[in-house]
Structures are given as structure tokens and as C-alpha cells.
Amino acid sequence: MLVEEGIKALALRVPSPIQQLQSSFLSAKKINLYIKRDDLIHPLLSGNKWRKLKYNLFAAEQKGLRSLLSFGGAYSNHIHALAAAGKLLGFNTIGYIRGEAADTLSPTLKFAASQGMELHFVSRALYRQKNSPEFLAKLATDWPNAHIIPEGGSNSLGMSGAEEITHEIVEQINTDQFLVATAVGSGGTAAGLLKSGAEVLGVAALKGADFLRQDIEKLLGASANGLDLKTQYHFGGYAKTSPDLFEFITNFRRMYGIELEPVYTGKLFYAIFDLIEKDYFKPQTTIVALHTGGMQGWSGFNA
Ligand SMILES: *Cc1c(COP(=O)(O)O)cnc(C)c1O
């Protein structure tokens, strides 16, 4: 099966829908807030993880490689999407998972295994080598048929997919004066958005994330001039939460009828509303916030 035909058959919702959020708070603050629903692209290939996989799949096909190998933690949205994409589009998938195998697999890894992903657990020390040239050279020898994708899908091919988000927005809201707001993990999405020329408000999902600007600049190969990176909305760290954050997510669902999750998008919207409340943005600013998906992440909290 050709990747292009396979993708067509999936009937992805791309361009993803965009909605304007309406409330008296937003009107009073004179902020135009849109939400770009990448969470609706596909039930299993949701959000920015699909964006970042797309051109990696084409690249694998072009190189004649029928396996995809990548890295992630036990709750990784990227591992989840990669496993599903492999199954749907006819690739073998190999996941290098951080940490020792637990007695019971996380819901994410159970799903990945059900899609046929071959799981390899690696020590945290070895996992840290995942981007080193030596480790990657060894992997390439061990897996000659695999296209190797970095953690999170964040390479230049992943950025090309993220760039398309900006192009869709321009078509959808008929202006090029907007700020794209996104949660930041590995930085690939933010880097792609910047590459497309967008002004980006990034909200770090992890603690001590000042290194993220450098990571993003490394991906971009340029300084991240259009990036406003907020690092104070981590709620204690990656995948850490608080009653405050859960309350926000509940209120957001009641108010706007849209479900967020606590690892990325909850923190993003919390940050946006906090900044609007503090009059951080000029009146009449248009913000397009990405719903980057990741709803499978709830399974880890519910388990
Ligand atoms: C991975 C992820 C992000 C972060 O994207 P990066 O490109 O890694 O910065 C944001 N939101 C969700 C839902 C994700 O799964």
C-alpha cells in the first residue's frame, strides 16, 4: 500500500476545524481566541503527533524502509500515534521505551503492543543517549530496515508537517495577524510553526524548561525570534498536575464544551486565560490556540 493512498483512505480531518471561543470574559478583554482542533484529525492519529509523523512516513517509503523506530516514555502520545500509524498504513513499528518494563504495561503501551509495536525497554541512562551519533549509528546497524524518528517525532520532517498548521489557519481566518499558541514538549511543533513564519506563544509542559529555547533554535537552525516562551505554567513538572488545573479543565469543558487533557493542552489554556486575565495581550489580539490532541493521556491518569 502506498502511504499516500493509505492516508487518503483514513479520511483525516485535514485541514482540521477551527472554532472561535465566545464568552463575556473574552469579549470584555477584547481578545479573539480561536481553537484549532487538531485533536479531531483522527481518533488514533490525533493532534500534532500526526502532523509530525506525516512526512516521516513519506520519507520512510521513499527510502524503501518498512519499519519505523522511535522513542518515548510509557505514556507517550507519540508512541501511541506511531503504533497506530504503523498498523493503519502498513509499517512495522519498534518503540524504545524509557525505563524498565513494569509488571503491567501502561494503557498506552498496551495499546501500542496491540497495534503490533515491538517494545524495547531501555534504562534511563541508555535512553539519555537517544540522540547521540554513536547510539543512532548502532541502531541503524541493528535495524537496517527502520526509519529512525527522534522522540516526539521532532525532526525537520516533523517540522514540515507542523508548518502546514499555519497555512491552514491563514486560509481559515482570513488574516495573517495572529499569534499561534501551543504547548511545548520537545519543541518540534513550535519550531515548525516558527519556520512557517508564525508568531508563537509557547507554554512549556515541563519544569526548568529554559533549555527549550535552545532546543527549538537547534531544530530551526536559526534564532527563535518570533517565540514567546512561557516556562511558569508547568504545575510542578511534566505530567504533574494540581487540583487547580483539574478544576480549570472541568470549567473549560462546561463553558466551551471542549475536552482538554492535563499534560499539555490543559496547561496551555490555563496559561492563555491567566495571561488574558492579566492583560498581557493588547486588545484586539487574535490568538489561535492549538488543541494538539493527546486525549489518550487521560488513560494513564484514570488507570
Ligand atoms: C507532544 C505533545 C505536545 C508537545 O509537542 P512538541 O512538538 O513535542 O513540543 C503538545 N501537545 C500534545 C497533546 C502532545 O502530545
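**Figure 1. Composition of the shell around the ligand.** By class, three nonpolar, eleven polar and two charged residues make up the shell around the ligand in this predicted model. The ligand is surrounded by 16 residues, and the closest of these are Lys 49, Lys 52, Asn 77, Ser 186 and Thr 292.

Figure 2. For Lys 49, a polar side-chain atom is placed 2.7 Å from an oxygen atom of the ligand. Asn 48 likewise directs attention to its side chain, of which a polar atom lies 2.9 Å from an oxygen atom of the ligand.

Figure 3. The largest pocket holds the ligand. Of the shell, the largest share comes from H3, with three residues.

**Figure 4. Salt bridge between Asp 38 and Arg 51.** The closest N and O atoms of the salt bridge between Asp 38 and Arg 51 are 2.8 Å apart. Arg 51 belongs to helix H3, whereas Asp 38 is found in the loop between strand S2 (32-37) and H3, so the pair ties together parts that are 13 residues apart in sequence. In the whole structure, a search finds 13 salt bridges. Side chains of opposite charge can pair when their charged atoms come close.

**Figure 5. Cis peptide bond at Pro 15.** The peptide bond that runs from Val 14 to Pro 15 is cis, and its omega is near 0 degrees. Pro 15 is located in the loop between helix H1 (3-9) and strand S1 (18-21).

Figure 6. Asn 174 has a phi near 55 degrees, which is a positive value in a residue other than glycine. The loop between helix H8 (156-173) and S7 contains Asn 174.

Technical notes:
Residues are numbered from 1 along each chain as its sequence is written. This is a predicted model: local features need pLDDT of at least 70, side-chain atom pairs count only at pLDDT 80 or more; totals for chains, interfaces and linings use all residues. Side-chain values use heavy atoms; hydrogens and water are left out. A residue is near a molecule or strand if one of its heavy atoms lies within 4 Å of it. A polar contact is a pair of N or O atoms within 3.5 Å; within protein, one must be able to donate a hydrogen and the other to accept it, and residues adjacent in sequence count only if both atoms are side-chain atoms. On a 1 Å grid over the protein atoms alone, a cavity is a set of points where a 1.4 Å probe fits but cannot get out, and a pocket is an open set with protein on both sides within 12 Å along at least five of seven lines; lining residues have an atom within 4 Å of a point. A molecule sits in a cavity or pocket if more than half of its atoms lie within 2 Å of its grid points. Helices (H or I, at least four residues) and strands (E, at least two) are DSSP runs, numbered from the N terminus. Ala, Val, Leu, Ile, Met, Phe, Trp, Tyr, Cys and Pro count as nonpolar, Asp, Glu, Lys and Arg as charged, and the others, Gly among them, as polar. A salt bridge is a side-chain nitrogen of Lys or Arg within 4 Å of a carboxyl oxygen of Asp or Glu.
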